[in-house]
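Please study the structure shown here together with the briefing that follows.

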Amino acid sequence: MEPSSLIVVGVDGSEHSLAAVRWAAAEAQVRGARLRLVTAWKVSTLMYAAEAFPPPYTVDLEAEMRRKAEDMLEQACEAVAADLAGVEVERMVRNGPAANVLCEASAVADMLVVGSRGHGGFSGLLLGSVSHQCAQQAPCPVLIVRGPAA
Ligand SMILES: Nc1ncnc2c1ncn2[C@@H]1O[C@H](COP(=O)(O)OP(=O)(O)O)[C@@H](O)[C@H]1O
Ligand SMILES: [Mg+2]
């Protein structure tokens, strides 16, 4: 593998995604690759539709969601700081549907790493919708980390 190889990881703050970061960090050490930790955020239309909170809004939802995403990624990095030691790490926070954001961020990547599940979704599923969509659409090999058992 070239010294400039790139491993992209999807981080939503869940334990599953932290397991993905740890796995990717170990792989980056072996390959001499750099890591790109990517968090996607999106304002749900449901948030605007909530009856209990009719407009006008005094809070800038978009700015608030972006800030929360940045904070979450920062905390995730702190949680796995020991695993990231010695690895070149770049953080990326982007607006958009998570799988699309991850696939775009992986355009020139050697590998995309995600957890099998995340924060949301339906507990019966073996695979979350983001990891499923990445497996189908990513422009590079995808590694799905079966993280901590539910
Ligand atoms: N908003 C997001 N930004 C970046 N990565 C994400 C995001 N959501 C999910 N992922 C990645 O996809 C993995 C699987 O999550 P997901 O498919 O959303 O499962 P669930 O349905 O359980 O939430 C996560 O462990 C994480 O690696
Ligand atoms: Mg999810």
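Leu6 stands opposite Arg34 in strand 2. This strand is joined to strand 1 (residues 6–10) by 5 bridges, and the two run parallel; strands count as paired if DSSP finds at least two bridges between them. The model is a predicted one, in which local features need pLDDT of at least 70, side-chain atom pairs count only at pLDDT 80 or more, and totals for chains, interfaces and linings use all residues. Residues are numbered from 1 along each chain as its sequence is written, chains are lettered from A and ligands numbered from 1 in the order in which they are written, and side-chain values use heavy atoms, with hydrogens and water left out.

**Overall fold**

- The protein chain contains 6 helices and 5 strands, where helices (H or I, at least four residues) and strands (E, at least two) are DSSP runs numbered from the N terminus.
- Read from the N terminus, the order of elements is β-α-β-α-α-α-β-α-β-α-β.
- The protein chain is as compact as a globular protein of 150 residues, because its radius of gyration is 16 Å, close to the 15 Å that the globule rule gives. This radius is taken over C-alpha atoms, and the rule is 2.2 Å times the number of residues to the power 0.38.
- The C-alpha trace spans about 55 × 30 × 25 Å along its principal axes.
- Among contacts (heavy atoms within 4.5 Å) with a separation of 6 or more, 76% are between residues 24 or more positions apart.

**Burial**

- Of the 150 residues, 39% count as buried; buried means under 20% relative accessible area, exposed over 50%, and partly exposed in between, with a 1.4 Å probe and protein chains only.
- Strand 2 (residues 34–41) is mostly covered, with 6 of its 8 residues buried.
- In helix 5, the buried residues are Ala99, Val101, Leu102, Cys103 and Ala105.
- The cover over these residues of helix 5 includes strand 1, strand 2, strand 3 (89–95), strand 4 and helix 6 (129–137).

- Ala107 lies in the loop between helix 5 (98–105) and strand 4 (111–115).
- Ala107 has a relative accessible area of 54%, so this residue is exposed.
- Ala107 and Cys140 are 33 residues apart along the chain, and 7.5 Å separates their C-alpha atoms.

**Charge**

- The protein chain has 12 positive and 17 negative charges, whose mean positions are 3 Å apart.
- Lys and Arg count as positive and Asp and Glu as negative, while His and the chain ends are not counted; each charge is placed at NZ of Lys, CZ of Arg, CG of Asp or CD of Glu.
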